[in-house]
Amino acid sequence: MLTDNAIEILKERYLLRNAEGKIIESPEELFRRVSRHIASAEKKDRSLWEARFYNLLAGLEFLPNSPTLMNAGNPKGQLSACFVLPVDDSLESIFTSLKDAALIHQSGGGTGYNFSKLRPKGDWVTTSSGKASGPVAFMKVYDAATEHVKQGGKRRGANMGILNADHPDILDFITSKADDLSLQNFNISVGISNEFMKAVEEQLPWSLINPRDGSIAKKVEATEVWNAITEEAWKTGDPGLIFLSTINEQNPTPNLGTIESTNPCGEVPLLPYESCNLGSLNLVKMISSQNDNIRLDWTKLGDTVTMAVRFLDNVIDANHYILSQIKKMTTTNRKIGLGVMGWAELLMLLEIPYASKKAISLGERLMKFIKEKSYEASTALSKERGSFSSGQKRRNATCNSIAPTGTISVIANTSYSIEPLFALAYQRVGILGGKVQNEFNRVFVQKMKELKLWNKEIENEVRKTGSIQHIKTIPNDMKELFKTSLEIPWEYHLKHQLAFQKYTDNAVSKTINLPTSATIDEVSTIFWTAWKYKLKGITVYRYGSKSKQVLQKCNLN
Ligand code: UDP
C-alpha cells in the first residue's frame, strides 16, 4: 500500500528509533502505536476503537498531522501542529514566548505570533534609556533560534510573523524578507483590517499608530502601504495577507478575546496559547466504481468524517501539553481541524477539469457535506462527553481546516490539500533537503494508458516539461483535464479557495501559484478579490521568485 517515497519519509522521520538511532518499528506498527494511543482516550471499548482507528490510518483514508504520527505513544508525546503565542511589549514577554516557541518547535509544532504590540524601532525605552529595536529585529532573533532548534528535531520549525498594517514599522516589515536570506523560518503576513482596505479603496491618508501609547507616529498614503505589499509579494511571495476583520467576524469564542494571529501556514486562526490538531481525509479513497464508472462515495465519506472527528477530539485528551496555559486554552475550546487532501486527483479521476465551474460546485458541495457531518459528529460527541463551553451544542469550537498536507499527502501518495498538480512530472527535493526524487503523477499516467495515449515520446515530453499542453497528438479535453498549477488561471485558484472557505470554520491554506510573467497589478487584483470574497488569508507565489523551492518543474535533460 505504501509507496517507496512514503516508506522513505517514514523511515527518515516518523518511525520510532532506539537510543542508538536504530529504527525499531515498521509502518504497520506506527499506525498501531498511533491508533492505540488515540483510543486510550476512550472510556470504554478501547480495543474496538483502536481497531477502527487503525483501519482508518493503515487504509490511508485519513491521516492526522505529522506530530501525532511522530509522537503518539511517547510519554511526553506532543501531538499538535499549530500554536499561537502572545508577544507583548516587554523583553520578559518577548523572550518567554521565544523559549516557549523553541519547546514547541522541538516537539514538532509550528507557531504564529502577531508582533504589532511591540513599540516601533527607535522608540524610547525607559528602563535602559535607549532606543527600541522594533518588531523586525526581534523576529530575526526568533528566526535564529528556530534555525538552531531545527538541528535537533525531526521537523523544521515553522513560524508565522504578522504585523498589522497600521504599525509604524510596517514598511520595514513588508521588505524584511526581500534579500531572500532573512527570516527563512518565517512566513510573514500583513494583518489587514476592513478600515485599511477602505482607506486603500478611497485613496485616503493612513495613520501609523505607536502601540506603546496609541499616538499617531506618522501619516502615509494607504496606497503606499498597499503598493509596497503587492510589489514585494510579486517579487518574493512574501508577505501574504491575513484578513483580521473577517477572521474576527467569525471568531467562535469572541468572549475570550480577539484573534490576532494564525498558525504558520494560515489554516488555523487561534487565540494566544491556543493549539489545534489537524487531520485530513484522503479524497481519492472516498470513491467507488461500478462498471468502470467512478463516483464519489458519500456514505463512506460521511462515515469517515464521523470517525475522524472522534479521532481528533481524542487527540486533545491524549495530548501532552508543553505549557499549562496551552493545556487550559486548548481543552477549553477543543478546536480541531479536519480537512482534505487529494482534491486534484479526485477531480482527475472523475474527469472534471480543475479550471471548471463543475469543479467549483463539486468543491462547495463536498466541503458543505464534510462540515455538516463534522458538526453532527461534534454534536453527538458533546452529548456523550460534554460540550466545549456552556450553552454550546458542539464538543469543538471549530471542526474544519484545510491544511497544506505537505508531508501526509506524500505518505498517502496523493496530491496536496486542494492544490492542483504542480506538474505532471517533477523532481521532489527531499523534505530535509538533499535527495532529489523524480516522479510522474500516477493518476495521470493511468488515465493516459487507459486512453492508449501513453508512449515513449509523450513520456519524454512530459518528463522534460511537466506538461501536455504543447503536445499536438493529445486531445483538447485531456489537455483541459491535466492542466497544472501554473496553467490554471489565478481566478480558478481563488475560486477553489473560496469554495472550500465557505464551508470551513477555520481557514484554508492555499498558494495562488502564478507564472513568472504575472504582473504586480495581477497580484493586487488577487489580493483585492480575496478580501472581497471574505477569505481569511491569501498567499501568492510567482514561479522562480525564491531561490529555494520545495517543488521544481522537472527538467532532467
Ligand atoms: N508545520 C510545521 N513545520 C513544518 C510544516 C508544517 O510546524 O515544516 C505545521 C504548521 O503549523 C502547518 C501545519 O503544521 O500549518 C500543517 O502543515 P502540513 O499540513 O503541511 O503538515 P503535515 O501534517 O503534512 O506534515
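Trainee: What makes β6 and strand β7 (residues 186-192) a pair?
Mentor: Two strands pair if DSSP finds at least two bridges between them, and 6 bridges join β6 to β7, which run parallel; Gly161, for instance, stands opposite Ile188 in β7. Strands themselves are DSSP runs of E with at least two residues, and helices runs of H or I with at least four, numbered from the N terminus. This is a predicted model, in which local features need pLDDT of at least 70, side-chain atom pairs count only at pLDDT 80 or more, and totals for chains, interfaces and linings use all residues. Residues are numbered from 1 along each chain as its sequence is written.

Trainee: How many bridges does β6 form with strand β3 (residues 110-114), and in which sense?
Mentor: They pair in the parallel sense over 4 bridges, with Gly112 opposite Met160 in β6.

Trainee: Why is β6 called largely enclosed?
Mentor: A residue is buried if 20 or more other C-beta atoms, placed from the backbone, lie within 10 Å of its own, exposed if 12 or fewer, and partly exposed in between. In β6 (residues 159-164), 6 of the 6 residues are buried, so the strand is largely enclosed by the rest of the structure. Both faces are covered, with Asn159, Gly161 and Leu163 on one side and Met160, Ile162 and Asn164 on the other.

Trainee: Which residues of α20 are buried, and which exposed residues lie on the face turned away from them?
Mentor: Val523, Ile526, Phe527 and Ala530 are buried, whereas the face turned away from that buried side carries the exposed residues Asp521 and Lys532.
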